[in-house]
Amino acid sequence: MEKLIITAAICGAEVTKEHNPAVPYTVEEIAREAESAYKAGASIIHLHVREDDGTPTQDKERFRKCIEAIREKCPDVIIQPSTGGAVGMTDLERLQPTELHPEMATLDCGTCNFGGDEIFVNTENTIKNFGKILMERGVKPEIEVFDKGMVDYAIRFQKQGFIQKPMHFDFVLGVQMSASARDLVFMSESIPEGSTWTVAGVGRHQFQMAALAIVMGGHVRVGFEDNVYIDKGVLAKSNGELVERVVRMAKELGREIATPDEARKILSLKK
Ligand code: KMH
Ligand code: ZN
């Protein structure tokens with residue numbers, strides 16, 4: 001089995017210090033959390049950024065500052081900015097970090113319910129436009145799918161030339177689609193041959209989905225964006241603590257951890 005890529009989603013756009021005081025807002029806090037995850041074994045940092053007061057932003061200059069601060073502490077880590085941003089942001093706002101030509105960025109492949117009255121909107125035209133811009137800017141998409149229909153969209157848009165193969169998927173389970181072994185098997189068997197996948201189990205599903213991915217040959221995403229607890233009712237001290245748990249699980253199950261350069265090869269990244 002190929003080595004395990006661990007992605008750390010260190011910040012997100014919705015989670016706050018009220019959920020866990022270690023959630024990072026400032027540039028320094030974001031760099032600190034990235035470093036803790038990287039040192040523990042993460043090879044990809046999925047990055048959202050905030051204003052100092054915690055307000056989510058897709059501002060290009062804020063991304064530039066955070067990426068520079070992360071680079072100082074984690075010289076070879078793969079940085080994957082979000083183009084999802086926060087619910088309600090415009091497409092133009094969301095696309096800003098791709099102007100920095102990162103190695104990867106997310107490409108959300110459908111509209112979904114995001115709790116309460118929140119709807120995370122990704123129309124067909126949005127997805128195609130984002131796909132085209134990522135391609136033009138040489139950015140490999142991590143295709144975020146919240147249910148099976150979004151996998152089908154991604155396949156359709158790949159055939160229409162908006163996404164290139166090999167495709168890399170992130171199955172976000174526990175937001176709209178439920179997180180069970182059956183769901184994960186269904187998703188992993190629905191993507192084209194030669195694709196890679198990671199799973200982000202949201203909330204209490206985080207480590208269960210991680211365990212399944214480790215044995216199924218997929219990859220794992222953990223981090224405060226998806227879950228702030230290390231155990232039931234016990235807040236994680238850092239993103240690093242969540243990554244450490246996955247590293248331990250992988251070791252027990254006989255799966256080695258990929259370095260950033262090994263992750264680049266597995267994902268066919270150009271840089
Ligand atoms: N914050 C969500 C609205 C992504 O990073 O691409 C979108 C999100 C997905 O987190
Ligand atoms: Zn995200």
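Guide: The following conversation sets values beside the definitions that give them their names.

Guide: This is a predicted model, in which local features need pLDDT of at least 70, side-chain atom pairs count only at pLDDT 80 or more, and totals for chains, interfaces and linings use all residues. Residues are numbered from 1 along each chain as its sequence is written, chains are lettered from A and ligands numbered from 1 in the order in which they are written, and side-chain values use heavy atoms, with hydrogens and water left out.

Visitor: Why are helix 1 and helix 2 called oblique to each other?

Guide: Helix 1 (residues 27–40) and helix 2 (residues 60–73) pack at about 40°, with their axes 9 Å apart. Helices here are DSSP runs of H or I with at least four residues, strands are runs of E with at least two, and both are numbered from the N terminus. Axes are lines fitted to C-alpha atoms, for helices over the stretch in contact, and angles run from 0 to 180 degrees between N-to-C directions. Angles under 35 degrees count as roughly parallel, over 145 as roughly antiparallel, 65 to 115 as roughly perpendicular and the rest as oblique. Helix 1 and helix 2 are therefore oblique.

Visitor: Which residues make this contact between helix 1 and helix 2?

Guide: Val27, Ile30, Ala31, Ala34, Glu35 and Tyr38 of helix 1 meet Arg62, Lys65, Cys66, Ala69, Ile70 and Lys73 of helix 2, where contact means heavy atoms within 4.5 Å. By class there are eight nonpolar, no polar and four charged residues. Ala, Val, Leu, Ile, Met, Phe, Trp, Tyr, Cys and Pro count as nonpolar, Asp, Glu, Lys and Arg as charged, and the others, Gly among them, as polar.

Visitor: What makes helix 6 and helix 7 oblique to each other?

Guide: The axes of helix 6 (residues 181–188) and helix 7 (residues 206–216) come within 10 Å and cross at roughly 45°. The two helices are therefore oblique. Ala181, Leu184, Val185 and Ser188 of helix 6 meet Met209, Leu212, Ala213 and Met216 of helix 7. That contact has seven nonpolar residues, one polar and no charged.

Visitor: How does helix 7 pack with helix 8?

Guide: Helix 7 and helix 8 (residues 239–252) pack at about 35°, with axes 10 Å apart. Among the residues in contact are Phe207 of helix 7 and Arg245 of helix 8. The contact comprises eight nonpolar, one polar and one charged residues.

Visitor: How do you know that arginine 245 sits over the ring of phenylalanine 207?

Guide: The charged end of arginine 245 is 5.0 Å from the ring centre of phenylalanine 207. A charge sits over a ring if NZ of Lys or CZ of Arg is within 6 Å of the ring centre and within 35 degrees of the ring normal. Lysine 17 likewise lies over the face of tyrosine 25, at 4.7 Å from the ring centre.

Visitor: Where is proline 166 found, and what kind of peptide bond joins it to lysine 165?

Guide: Proline 166 is in the loop between helix 5 (148–159) and strand 10 (168–173). The bond from lysine 165 is cis, with omega about -5°.
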